[in-house]
Amino acid sequence: MNFLKVRALLVAAMLLPVCAFSQQAELIWNPELSYSWKSSDRLGFNTKLSVFNSIRDFDNSAAIQYIEPQFSFSYGLSAGTKIGGGYYYRLSTPLIDGYQYEHRFLQQIGFVSYLGDRRLAHRLRLEQRVRSSSYQNRLRYRLSYDFPLEGEKLDAGEKYLILKDEMMTAFNKNEADAENRASVGLGWYFNSKQKFELGLQYRTQDIFSDGGISHLFLISTSYYLNR
């Protein structure tokens, strides 16, 4: 597909839903910095710093909603299958008195399937969220698909398109709810050590809530470093 057409479709995909729901949806800017390294052919590690900023509250102390340092590892069982785990710490509204925290533990398995000659990546994840005020389990499934915009193989200096969808349910002994996250993004692959991604995610939240479904748009800017 012509790159200009792809870029136009990407911009339209980003802007149309934002315009449609901008009056009632929550708007977030999520910058991330990620660093990954391997200790062997099978064992890899990742650290990431992720920040949630409310675009509507950018001029006041509620602007920073979350600061989340993350650590995770993965172990390759085979060429297309990995298992892993990790720990996240989330500090909520750090600029407001009475902030909340969360310890998050996760276990996951990822595997690859193919649609023709294109790669599909699957991820199934379990989480235990220990918050300052509650406990919650979460089960998540994510399907992602990315491909180069020029040629069949992604080379240094080229761009790529990313499509993702993730479904999840959150529950504890008192309640349960569900959420869906659909994403589209554009990536810049500089070389094997560095890449940058710009994305838009649309979240449909509180699906089982008596108060009705809520909506969130998240603009992500992610920089990845590999050792």
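Analyst: When I say two residues touch or are in contact, I mean that they have heavy atoms within 4.5 Å of each other. The model is predicted, so local features need pLDDT of at least 70 and side-chain atom pairs count only at pLDDT 80 or more, while totals for chains, interfaces and linings use all residues. Residues are numbered from 1 along each chain as its sequence is written, and side-chain values use heavy atoms, with hydrogens and water left out.

Strands here are DSSP runs of E, at least two residues long, numbered from the N terminus, and two of them pair if DSSP finds at least two bridges between them.

Now for the individual pairings. β1 (residues 26–38) and β11 (residues 214–226) run parallel, over 11 bridges, and Glu26 has Leu216 as its bridge partner in β11. On to β2: a hairpin of four residues links β1 to β2, and these two strands pair antiparallel over nine bridges. Trp37 stands opposite Phe45 of β2 there. Phe45 also has Phe73 in β3 as a bridge partner, where β2 (residues 43–54) and β3 (residues 64–78) pair antiparallel over 11 bridges.

Next, some charged residues on the strands. Lys48 is in β2 and counts as buried because its relative accessible area is 18%; the cut-off for buried is under 20%, exposed is over 50%, and partly exposed is in between (1.4 Å probe, protein chains only). Leaving out residues up to four places away in sequence, Lys48 touches Glu32, Leu33, Ser34, Glu68, Pro69 and Gln70.

Arg123, in β6 (residues 118–131), is buried too, because its relative accessibility is 13%. Its side chain makes a polar contact of 3.1 Å with that of Glu166; a polar contact is a pair of N or O atoms within 3.5 Å, where, within protein, one must be able to donate a hydrogen and the other to accept it, and residues adjacent in sequence count only if both atoms are side-chain atoms. Arg142 comes 19 residues away along the chain, yet its C-alpha atom is 5.1 Å from that of Arg123. Arg142 is also among the residues that Arg123 touches, including Gln108 and Tyr141.

Glu158 in β8 (residues 158–171) is buried with no salt bridge, and the nearest side chain of opposite charge, Lys153, is 7.8 Å away. A salt bridge needs a side-chain nitrogen of Lys or Arg within 4 Å of a carboxyl oxygen of Asp or Glu; Lys and Arg count as positive, Asp and Glu as negative, and His and the chain ends are not counted. Neighbours within four places aside, the contacts of Glu158 are Glu150, Lys153, Gly187, Trp188 and Tyr189.

Finally, the loops. Thr93, between β4 (81–92) and β5 (100–115), has a positive phi of about 40 degrees without being a glycine; it counts as partly exposed because its relative accessibility is 26%. Asp206, between β10 (194–205) and β11, isn't a glycine either, and its phi is positive at about 55 degrees. With 32% relative accessible area, Asp206 is partly exposed.
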